[in-house]
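Thanks for coming, everyone. I would like to take a few minutes to go through one model, so please have a look at it before I start.

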Amino acid sequence: MEETKKTLLDDSFISAMALTNSGVPQVPDRYVLPPSQRPALGSSLATTETTLPVIDLSLLHQPSLRSRAIHEINIACKEFGFFQVINHGIPSSVVKDALEAAKLFFDLPVEEKMLLVSANVHEPVRYGTSLNHSTDSVHYWRDFIKHYSHPLPKWIDMWPSNPPCYKDNVGKYAEATHVLHKQLIEAIAESLGLEKTYLQEEIEEGSQVMAVNCYPTCPEPEIALGMPPHSDFSSLTILLQSSQGLQIMDCNKAWVSVPYIEGALIVQLGDQVEVMSNGIYKSVIHRVTVNKDVKRLSFASLHSLPLHKKISPAPKLVNENNNAPGYGEFSFNDFLEYISSNDFIQQRFIDTIKKISP
């Protein structure tokens, strides 16, 4: 890790936050996207007008209404691989405190944050900028800290000690999202016609990576992005955002801006659910735009099976429907190995494990 840090420092590591704070009038060349990849902000062609699903999770806890919520989840997963949830059970105070801790962390002096810098995707705690500063051909207007978060006692001592509230505030949010994830996976399994306990043990023992993101104000948001188009390796990603900026790709390959809803959380299907469902549900391709006037913070809580546990299509969904498995099996570790040596922007990981029909 020390060698990695030295390499990044020698390569004049500069965060997006540092560029914003320096008052640069233009984004440096390394952030400028090819014209075909630019978000076309403000254009009538930028995004489509689509009503995205919002699901009231309190219905799951009411026996007479649970089937309605399961049906809504089924439709949302089939059409979008995405939905927002309200009445999700995480107190607003826990959400607010987590966002405050993130703000304070990214406002720390550069030297303090650099103690955690790494380009090694296997590090359990790492601070960085863009996707991977040492290998990105095009850079993205984003700083982040990522850390493993489940089981919490195993990892929390490695988390930042500054700001002093970080471990407590973010730890409470991480635990709350772990509980919510279990409820959501039960409902998604049920919506596929599986037992709601399907994968329960693997989920309880599974991995949780918390990606805390900062998208500073950007002088030229129309030619840059905070994150490129991609899908997540996870089973589910539960996203908390401080303001609008996320876009998802719909079935017509059009970009749809996700509205900011006070108190809501975003649920995105990842590659593990696409494989488990044998393609009935698809992981959602998404990207992040940046803003000239508003700094955006987000917490992406990525939940997956244990590091080396392989996931494959659910036997019931293959056998009962007389379908061949459409995917090979893979683990979270397989994904990490892939992104260590491949440009996952050029080819999505999930495309490498799809089986070609005879």
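Which residues in H4 meet which residues in H7? Before I answer, please keep in mind that this is a predicted model. On the H4 side we have Val94, Val95, Asp97, Ala98, Ala101 and Phe105, and these meet Tyr166, Asn169, Val170, Lys172 and Tyr173 in H7.

Helix H4, which covers residues 92-106, packs against helix H7, residues 166-191, at an angle of about 135 degrees, and the axes are 8 Å apart. That angle makes H4 oblique to H7, and the crossing of the two helices is left-handed.

Strand S7, residues 236-241, is mostly covered, with six of its six residues buried. If you follow the side chains along S7, you will see that Leu236, Ile238 and Leu240 point one way, while Thr237, Leu239 and Gln241 point the other way, and that all of them are buried.

S7 also has strand partners. With strand S10, residues 265-269, it runs antiparallel and is joined by four bridges, and here Leu236 has Leu269 in S10 as its bridge partner. With strand S12, residues 296-304, S7 again runs antiparallel, this time joined by six bridges, and Leu239 of S7 has Ala300 in S12 as its bridge partner.

Methods: Residues numbered from 1 in each chain as written. Predicted model: local features only at pLDDT ≥ 70, side-chain atom pairs only at ≥ 80, totals over all residues. Heavy atoms only, no water. Axes fitted to C-alpha atoms, helices over the stretch in contact; angles between N-to-C directions. Parallel < 35°, antiparallel > 145°, perpendicular 65-115°, else oblique. Left-handed = near helix turned anticlockwise from the far one by under 90°. Contact = heavy atoms within 4.5 Å. Buried < 20%, exposed > 50% of the residue type's maximum accessible area, 1.4 Å probe, protein only. Pairing = 2+ DSSP bridges.
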